[in-house]
Amino acid sequence: MKKLVNAVILLGASFIGATVNAGTWHGSKISHVYPTASGEFILKFESDSTACTSGNSPDYYRVKVGENDVTEEGSKNIFATALAAAMAEKTVNINFDETTSSCYINRIQIEI
């Protein structure tokens, strides 16, 4: 019985690990902050990640409430951080979902 319980736990853990997307990290300076009428916004960078397949040149990395676990408050925080970094010409690191061509961002960090 103990072997069966351990097998079920191991199987469950491997399933969870396979379905959770850790995302891809990318670092660059921001070249454009592009808010849209729908409330989402797009960031463009001086250099693109090869993992983003947006089809635009430069790539569009999007922030949208409800995508990649972003909340309304999170979206506002990412927007404010992106603007501060762009104005200060600082490099940022973003985490984005490389499994969609929208490259939805859910985290940002300024390199100081």
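Before anything else I noted my burial scale: buried means under 20% relative accessible area, exposed means over 50%, and partly exposed is in between, with a 1.4 Å probe and protein chains only. I am working from a predicted model, in which local features need pLDDT of at least 70 and side-chain atom pairs count only at pLDDT 80 or more, while totals for chains, interfaces and linings use all residues. Residues are numbered from 1 along each chain as its sequence is written, and side-chain values use heavy atoms, leaving out hydrogens and water.

**Entry 1: the whole chain**

I looked up the elements, using DSSP runs numbered from the N terminus: helices are H or I with at least four residues, strands are E with at least two. The protein chain has 2 helices and 5 strands. Reading along the sequence, I get α-β-β-β-α-β-β. Of the 112 residues in the protein chain, 30% are buried. I then checked contacts, meaning heavy atoms within 4.5 Å. Taking those between residues at least 6 apart in sequence, 52% join residues at least 24 apart. For surface I used accessible areas from the Shrake-Rupley method with a 1.4 Å probe. The protein chain exposes about 7000 Å², and carbon and sulfur atoms supply 56% of that.

**Entry 2: the sheet**

In what order do the strands of the open sheet run? I count two strands as paired if DSSP finds at least two bridges between them. The 5 strands line up as β3-β2-β1-β4-β5, with antiparallel pairing. At the edges I find β3 (61–63) and β5 (105–110), each pairing on one side only. Neighbouring strands are turned by 45° against each other on average, direction ignored; the axes here are lines fitted to C-alpha atoms. I zoomed in on β2 (residues 41–45), which 3 bridges join to β3 in an antiparallel run. Leu-43 has Tyr-61 in β3 as its bridge partner.

**Entry 3: the rings**

Next I went through rings of Phe, Tyr and Trp (its six-membered ring), which pair if their centres lie within 6.5 Å; planes under 30 degrees apart count as stacked, over 60 as edge-to-face and the rest as tilted. I got 4 aromatic pairs. Why is the pair of Tyr-34 and Tyr-60 edge-to-face? Their planes sit at 85°, with ring centres 6.4 Å apart, so the pair gets that label. This pair links distant parts of the chain: Tyr-34 is in strand β1 (residues 24–35) and Tyr-60 is in the loop between β2 and β3, 26 residues apart. Tyr-34 is partly exposed at 40% relative accessible area, whereas Tyr-60 counts as buried at 19%.

Phe-45 and Tyr-61 are also an edge-to-face pair, 5.1 Å centre to centre with 80° between the planes. Here strand β2 holds Phe-45 and strand β3 holds Tyr-61, 16 residues apart. Are these two buried or exposed? Phe-45 is buried at 2% relative accessible area, and Tyr-61 is buried at 0%. I also noted that Phe-45, Tyr-61 and Phe-96 form one aromatic cluster.

**Entry 4: a loop residue**

Last, I looked up Glu-46, which lies in the loop between β2 and β3. Glu-46 counts as exposed, with 60% relative accessibility. What does Glu-46 contact, leaving aside its neighbours within four places in sequence? I wrote down Ser-28, Lys-29 and Ser-31. Glu-46 and Ile-30 are 16 residues apart in sequence, and their C-alpha atoms are 6.1 Å apart in space.

How values were computed. Axes fitted to C-alpha atoms, helices over the stretch in contact; angles between N-to-C directions.
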